[in-house]
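Me: I'd like to learn how to read a structure like this one, feature by feature. Could you walk me through it?

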Amino acid sequence: MMVATLSSQNQLLNTLVEKSDLLSWIKGKFIGHHLREISMRQVERHNKIDDCWIILYDKIYDITFFINKHPGGAEVMLEYAGRDATFAFESIGHDLDVLKKIQQNLIGQLPKDERIFLSKDELRPRIV
Ligand code: HEM
């Protein structure tokens, strides 16, 4: 019984650690060395309903498939198409699971000199 309790506590802890690591990564604490770099100028070109990229926490997502499914409406998505939507996204208080779900649509990250959410080994301080 004791063992079972400890093991379920460990499981919970592992889940929390995994979750916070993932979120720190999503929110820019870690650099995805393997991720393709895409500049803002490139992102800007993908600003249409049938070709829509968006920047969240320095990472670029292709959200074309999701525009018409967005519970907050297609209009806001198009307003941020080809642009940085991080602060609008945060201000709505989207559920963190939303961020986890769209990881499958992650296509790249901004080059170092265009990032806002820098990790601690870079020059400017992080703002979150
Ligand atoms: C990749 C970007 C985005 C994704 C994947 C996304 C996803 C979602 C999801 C799943 C919801 C349902 C509520 C929840 O689970 O939190 C939601 C709600 C909402 N979103 Fe987004 N969203 C994105 C970007 C934005 C942006 C840029 C805005 C601009 C302000 C926005 C505005 C809203 C609003 C207003 C709601 C609330 C709708 C309501 O409750 O009536 N979203 N979004």
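Me: Which residues touch the most other members in the largest nonpolar core?

Reply: Two ground rules before that. This is a predicted model, where local features need pLDDT of at least 70, side-chain atom pairs count only at pLDDT 80 or more, and totals for chains, interfaces and linings use all residues. Numbering starts from 1 along each chain as its sequence is written. Now the idea: a nonpolar core is a set of buried Ala, Val, Leu, Ile, Met, Phe, Trp, Tyr and Cys residues joined through C-beta atoms within 7 Å. Buried means 20 or more other C-beta atoms within 10 Å of a residue's own, exposed means 12 or fewer, partly exposed is in between, and C-beta atoms are placed from the backbone. Here the largest core has 15 residues, and Cys-52, Trp-53, Ile-54, Ile-55, Leu-56 and Tyr-61 touch the most other members. S2 gives the most to this core, with 5 residues.

Me: What does Leu-56 contact, beyond its neighbours within four places in sequence?

Reply: Contact means two C-beta atoms, placed from the backbone, within 7 Å. With those neighbours left aside, Leu-56 is in contact with Tyr-61, Ala-85, Thr-86 and Phe-89.

Me: In what order do the strands sit in the sheet?

Reply: In general, strands of a sheet pair through backbone hydrogen bonds, either parallel or antiparallel. For labels, helices (H or I, at least four residues) and strands (E, at least two) are DSSP runs, numbered from the N terminus. Two strands pair if DSSP finds at least two bridges between them. In this model 4 strands make an open sheet, ordered S1-S2-S3-S4, with antiparallel pairing. S1 (47-48) and S4 are at the edges with a single partner strand each, so one side of each has no neighbour in the sheet.

Me: How many bridges join S2 to S3, and which residues stand opposite each other?

Reply: S2 and S3 (residues 59-62) are joined by 4 bridges. Ile-54 stands opposite Tyr-61, and Trp-53 stands opposite Asp-62. The two strands form a hairpin with 2 residues between them, and Tyr-57 in the turn has a positive phi of about 50°. On to S4 (residues 106-109): 3 bridges join S3 to that strand, where Leu-106 is the bridge partner of Tyr-61.

Me: Which residues come nearest to the ligand?

Reply: Think of a shell: a residue is near a molecule if its C-beta atom, placed from the backbone, lies within 6 Å of it. The shell here has 18 residues, with Pro-71, Gly-72, Ala-85, Ala-88 and Asp-95 nearest. Helix H4 (86-92) and strand S2 (51-56) each supply at least two shell residues, and the largest share, 3 residues, comes from H4. By type, the shell has 14 nonpolar residues (Ala, Val, Leu, Ile, Met, Phe, Trp, Tyr, Cys and Pro), 1 charged (the class of Asp, Glu, Lys and Arg) and 3 polar (the others, Gly among them).
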